Amino acid sequence: MVTWKGANMAAPTAEQLNSHSGESVLRSTVSTNDQDSKTESVDGRLPDYVIDLIQNEIGCDLMSLKKVSGVLERLTDENKLLEEQVLTVSSSVPLRVSAALSAAEKSRVALEGLLQRERIVSNTLMQHLQAAQPWADSLEQTLGQLDNTERHMKYLQFLAGIEELSDTIQQCLMTNSVWEAVGAVGNMARLDVGLQESGCSHLQAFLRETLRFWHKILKDRLAGDFEELLTQLHWPFISPPSLSLSPPANAQELQSQLELLVSQLLSLQTSDDLISEKPVSISRVGLPPATPLSLPIQIMLLPLSKRFRYHFTGNRQTNTLNKPEWYLTQILMWMGNSSKFMEEKIQPILDRNGANVSAKVELCRGLLTLAQEKLALDASRLLYDDALFCHLVDEILQFERELRCTHSYPSGLPGALDVLLQEAVLQKWVAVERKMAVEKVDAMLSAEGAWNSQYRDISDMDELKTPDCAETFMTLVLVITDRYRGLPCPRAQLSFLALQRELVDDFRIRLTQVMKEESRNPLGPKYCAILNAVYYISTVLGDWGDNVFFLQLQQSAVALGEEELLGPLGVTETGRLASLEGSVFEGLLGLLERLGGDMLGRLLEAVIRDVREKAQAYSKDRWLSLPSQCDQATMSLSSSACPLMLCVRDQLLQLQQMLCQPLFQTAWQGLAERLDLFLYQDVILYNHFNEGGAAQLQFDMTRNLFPLFGHYCKRPENFFKHVKEACIILCLNVGSALLLRDLLKQNQEDVEPGTPEGQQPSPTSTLNELGVFRLAPSDVLILLNLRASWPGQ
């Protein structure tokens with residue numbers, strides 16, 4: 001079959017001539033229809049899409065040429081249809097454009113008309129506003145006058161209301177209607193509160209003065225009656241109330257009067273709070289602002305306050321700076337003596353009047369104010385006397401504990417510790433703590449038994465073997481924690497935490513100095529005591545790092561950005577501390593661990609030096625001429641190994657006695673590792689062995705050396721992998737040794753290219769089957785070469 005593109009080289013047939021003639025006609029037709037002749041290619045050939053059309057319509061069958069006329073007719077019709085559509089569209093476009101232009105013109109005319117109307121309306125409006133402006137000005141003036149008149153009327157009505165309340169209070173007092181007078185004073189106080197946001201300063205001043213006048217009269221009257229009633233009830237209770245006293249005959253009447261007077265005084269609370277507003281006194285500077293006490297409690301505190309100021313101010317003998325415990329104890333005694341009366345008599349009345357306060361706490365708060373003022377005054381006078389200042393701080397801490405624990409004073413309310421938060425007092429406290437701690441450290445390090453454990457005679461309690469100086473020092477640091485734990489200010493607590501870190505680092509430096517003096521004798525008891533001290537301090541600091549209190553301080557340090565405590569941290573370190581991954585003692589722990597690691601390394605090096613000296617004879621033994629195992633009745637320890645074994649045993653016992661258990665665990669494992677390398681390198685690799693020498697070496701190691709460490713673990717041979725595996729290689733029978741040597745040598749040579757990969761034996765797997773896991777194939781080959789007896793030699 002011949003395609004339209006292909007041509008046979010033979011002479012054309014009639015059908016082919018017809019076919020070519022048809023193609024020529026079609027080509028001429030297409031060229032005629034396409035006036036630009038763009039369908040033909042440059043070389044005169046038909047485009048591909050024309051050839052595809054002919055192939056689809058006519059195909060390769062020459063008998064189908066009769067379809068050409070039909071194709072031409074259809075294409076001619078389609079061409080005419082397209083021409084008509086183009087002409088139709090071309091004629092309709094100008095009509096649409098004309099319509100659009102006409103609509104735009106109409107819109108423009110309408111817009112101009114609207115703009116003209118807008119200008120007319122605007123001009124009319126401006127004329128109207130200008131004509132109405134005089135009327136608006138006159139109306140505004142009239143309304144301003146009316147507003148001013150209304151304000152004056154309200155002002156006068158307010159004044160009339162004040163005068164009316166004042167007259168009402170006066171009439172009630174004249175008729176002894178106390179409750180009505182109290183109610184009128186309460187209404188006047190509410191007017192005062194409502195007037196505070198206004199700008200009528202003169203009216204506010206007049207109302208406040210009127211309120212103060214009537215409040216004082218009414219308060220003095222009620223206070224006098226209340227004081228007389230309290231005297232009948234034996235208030236204040238200077239000493240503990242006696243249970244033997246019988247209640248008075250008119251107890252019921254006294255209770256009714258008490259409830260009436262307390263209720264009336266509570267009704268005056270609002271006005272009392274308003275007129276008692278005054279700047280903080282000098283004695284209260286540096287202390288937190290206090291909420292006003294309930295009016296009945298204020299009156300009940302008056303006799304106690306007079307007694308306190310009488311005894312503990314001025315030139316009284318009881319007012320002495322070196323005895324702050326006198327007035328602090330007196331305050332606590334008054335709290336204890338009055339608590340029962342406040343809970344049984346006053347508290348029910350407060351509850352019935354809706355006063356959401358605790359009578360006992362209110363009395364304690366008032367008495368505590370007296371103590372705070374006195375403490376703040378004394379603390380500022382003792383800043384230059386360390387001994388008296390320390391005594392004052394101790395008494396404040398003891399007073400705070402008694403106040404919170406014994407008298408159940410709420411933790412949310414400020415206590416005596418707030419006195420210590422004043423900047424000058426706080427800095428002095430930190431400085432004194434530092435000075436006292438340094439002095440105590442100097443004393444404890446110079447003491448005779450500083451490096452002895454105080455529990456050395458009690459085996460059950462001496463596991464850590466901590467020297468007395470280290471334990472005393474950490475107790476000292478812990479006591480500092482107990483002293484500042486209750487401070488209500490996180491920044492102040494962080495100051496003491498920085499002091500603790502400073503003291504621990506200073507103690508570490510002192511330990512380093514003493515260690516350097518003792519480094520000549522690392523096996524001595526003092527050197528080991530220092531090592532135990534380093535481990536003990538690291539353990540305690542690690543426990544503190546997980547303590548809730550120090551974790552809270554860590555969060556506070558991150559939140560406050562305390563660079564002095566945390567140092568310059570990057571984002572990663574700050575994130576670790578914030579997420580509680582790190583610790584505020586992390587830096588100190590790193591330094592202590594480094595010191596402990598260096599000391600333990602020196603200790604083990606000293607031990608291994610002693611072992612090397614005792615092993616000189618053993619390393620030069622006659623390993624080549626020893627009799628074989630079958631020639632001996634029983635195997636026994638080599639005579640040259642006795643000094644070595646005795647030295648290892650003695651050193652282990654000495655380390656166990658001087659080091660704490662965790663350190664000894666690390667020490668004997670480190671000694672085993674060093675001893676394993678020493679025996680492997682200086683004994684085994686240094687000599688050649690016959691069969692008897694290899695058997696003797698294995699006996700010395702497995703039956704004598706390894707059991708010395710068997711007291712501390714179940715499988716001591718696991719810590720002597722080099723020695724154990726070397727013994728395995730040296731004690732192999734001759735046949736196995738030959739095969740293993742050939743295998744290792746073959747492995748070292750290049751593998752022949754024709755040998756399949758799976759048929760090459762693996763030296764590692766072979767050694768593993770023999771129990772050799774640590775030694776490399778090259779090391780095993782060296783050991784095999786140390787065997788002295790081979791067949792043919």
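**Ring pairs, core and salt bridges in a predicted model**

I start with a cluster: Trp429, Tyr484, Phe496, Trp544, Phe549, Phe550 and Phe585 are linked by ring pairs. Rings of Phe, Tyr and Trp, the last by its six-membered ring, pair if their centres lie within 6.5 Å; planes under 30 degrees apart count as stacked, over 60 as edge-to-face and the rest as tilted.

A word on the source. This is a predicted model, in which local features need pLDDT of at least 70 and side-chain atom pairs count only at pLDDT 80 or more, while totals for chains, interfaces and linings use all residues. Residues are numbered from 1 along each chain as its sequence is written, and side-chain values use heavy atoms, with hydrogens and water left out.

Back to the rings. The whole structure holds 23 aromatic pairs. In one of them, tryptophan 544 and phenylalanine 550 have ring centres 5.7 Å apart and planes at 15°, so this pair is stacked. Tryptophan 544 is buried at 11% relative accessible area, and phenylalanine 550 is buried at 4%. Buried here means under 20% relative accessible area, exposed over 50%, and partly exposed in between, with a 1.4 Å probe and protein chains only.

Now tryptophan 668 and phenylalanine 709: their ring centres are 6.2 Å apart and the planes are at 45°, so the pair is tilted. This pair links distant parts of the chain, with tryptophan 668 in helix α22 (residues 661-684) and phenylalanine 709 in helix α23 (residues 691-709), 41 residues apart. Helices are DSSP runs of H or I with at least four residues, strands are runs of E with at least two, and both are numbered from the N terminus. Tryptophan 668 and phenylalanine 709 are both buried.

Phenylalanine 709 comes up again in the core. The largest nonpolar core has 199 residues, of which Leu541, Leu675, Met701, Leu705 and Phe709 touch the most other members. Such a core is a set of buried Ala, Val, Leu, Ile, Met, Phe, Trp, Tyr and Cys residues joined through side-chain atoms within 4.5 Å. What does leucine 705 touch, not counting residues up to four places away in sequence? The list is Met645, Val648, Leu675, Leu679, Asp700 and Phe720, where contact means heavy atoms within 4.5 Å.

Leucine 626 is in the loop between α20 (616-619) and α21 (642-658). Is leucine 626 buried or exposed? Leucine 626 is buried, at 14% relative accessible area. Beyond its neighbours within four places in sequence, leucine 626 contacts Asn690, Gly692, Gly693 and Gln696. Its C-alpha atom is 8.9 Å from that of alanine 694, which is 68 residues away along the chain.

Last, the charges. A salt bridge is a side-chain nitrogen of Lys or Arg within 4 Å of a carboxyl oxygen of Asp or Glu, and by this rule there are 31. Lysine 428 and aspartate 386 form one, at 2.5 Å from N to O. Here too distant parts of the chain are linked: lysine 428 is in helix α12 (residues 423-446) and aspartate 386 in helix α11 (residues 386-406), 42 residues apart. Both lysine 428 and aspartate 386 are buried.

Aspartate 505 and arginine 508 form another salt bridge, with the closest N and O atoms 2.9 Å apart. Because they are three residues apart in helix α14 (residues 490-518), about one helical turn separates aspartate 505 from arginine 508. Aspartate 505 is partly exposed at 22% relative accessibility, whereas arginine 508 is buried at 16%.
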